[in-house]
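Hello,

Here is the structure for your files. My notes on its cavities follow below.

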Amino acid sequence: MILLPFFLQVYRTFGLKLQFFTLILNMQKNTNANFYQKGNTVMIYTDTHLHSSFSSDSDTPMELMIKQGIRLGMKTLCFTEHYDPCYPDTPDGLDFLLDFENYKKTLFTFKEKYASQIEILYGLELGVQPHLGQTLANLYKKYGNDFDFIINSCHIVNGMDPYYGTYFKEMGATRGLMNYFETILANLKVFPHYQSVGHLDYVCRYLPESSQTFFYDHFTDVLDEILIEIIERNRALEVNTAGLKYGLDWPNPDISILRRYRELGGELITIGSDAHQPEHMAWEFDHVPAILHRAGFHHYVVFKGKKPVFYDI
């Protein structure tokens, strides 16, 4: 903006037309434009990956999350509380277990209370591990019918969560990424009763700074297998905007994964912020339509009673 006084003086002195002055002003504004061009994109009014104090890593009461959703003008929220059986001991003492009965009772109480203001859906983020097949099958038999939406997520590989620094210290970047993707492929086969695959490249959030660049070409075979598995089962792939919150250039997964999913015939996309606190709900959702358009998508879905409902973007 420091050039404006100069051009203003030129205009006053030489009688340059106002259009020239306006052109210079617009050029300066454009240099500060956001990387994601918003244009006339449609805002996403549904957030289908949310946590409250029923998840071990959140202390936010569910009702506060709901009230924030109403303030933001959201139309639909889906709570997807963590359940990660066999989660290893953590420095924080988190167990990632879930009181299913109390969670369901509380959610349906608020679902009725706020029915005139916002739609509340009943979901679960299931932390899958390859050796838990029978445990998860029993869980689904007991509780699964009631959920609108189940996310199949991978948090643990070889007894470690990449969130903690020991994962990459022990494995290194390339091996750590490969092991993570191979584990996801196994998880999808072990527990097929899901609607969407959560934050497919979650592991990339915690890459060491010296190796933060992810290249699809380095993991083509295993990633293609994962995407084909998702497509053949008619499941969805989640766009999780917490990746942007963690400083990545894209949400999880990377746009190269989204594009490849579309190239292989994938059509079902779910969108969630993975918020554990009210201020993170609908995180950078204004960027999501442009990202999805660049990847070749023109709609996303919200699962209600495990059935996809399509929304245009």
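Helices (H or I, at least four residues) and strands (E, at least two) are DSSP runs, numbered from the N terminus. This is a predicted model: local features need pLDDT of at least 70, side-chain atom pairs count only at pLDDT 80 or more, and totals for chains, interfaces and linings use all residues. Residues are numbered from 1 along each chain as its sequence is written, and side-chain values use heavy atoms, with hydrogens and water left out.

Searching the whole structure gives 2 cavities of 30 Å³ or more. A cavity is a set of points, on a 1 Å grid over the protein atoms alone, where a 1.4 Å probe fits but cannot get out; lining residues have an atom within 4 Å of a point. Volume is the space filled by probe spheres set on the points, which are joined across faces, edges and corners.

The largest cavity has a volume of about 40 Å³. Its lining includes Phe100, Tyr143, Phe147 and Phe191. H5 (133-143) and strand E3 (119-127) each supply at least two lining residues. H5 gives the most, with 3. By class, 9 are nonpolar, 1 is polar and none is charged. (Ala, Val, Leu, Ile, Met, Phe, Trp, Tyr, Cys and Pro count as nonpolar; Asp, Glu, Lys and Arg as charged; the others, Gly among them, as polar.)

The second largest cavity comes to about 30 Å³. Among its lining residues are Asn152, Cys154, Asn187 and Val197. Strand E4 (149-153) and helix H7 (173-190) give two or more residues each. H7 gives the most, with 3. This lining has 4 nonpolar, 4 polar and no charged residues.

Best wishes

How values were computed. 1 Å grid on protein atoms, 1.4 Å probe; cavity = no way out; pocket = protein on both sides within 12 Å on 5 of 7 lines; lining within 4 Å.
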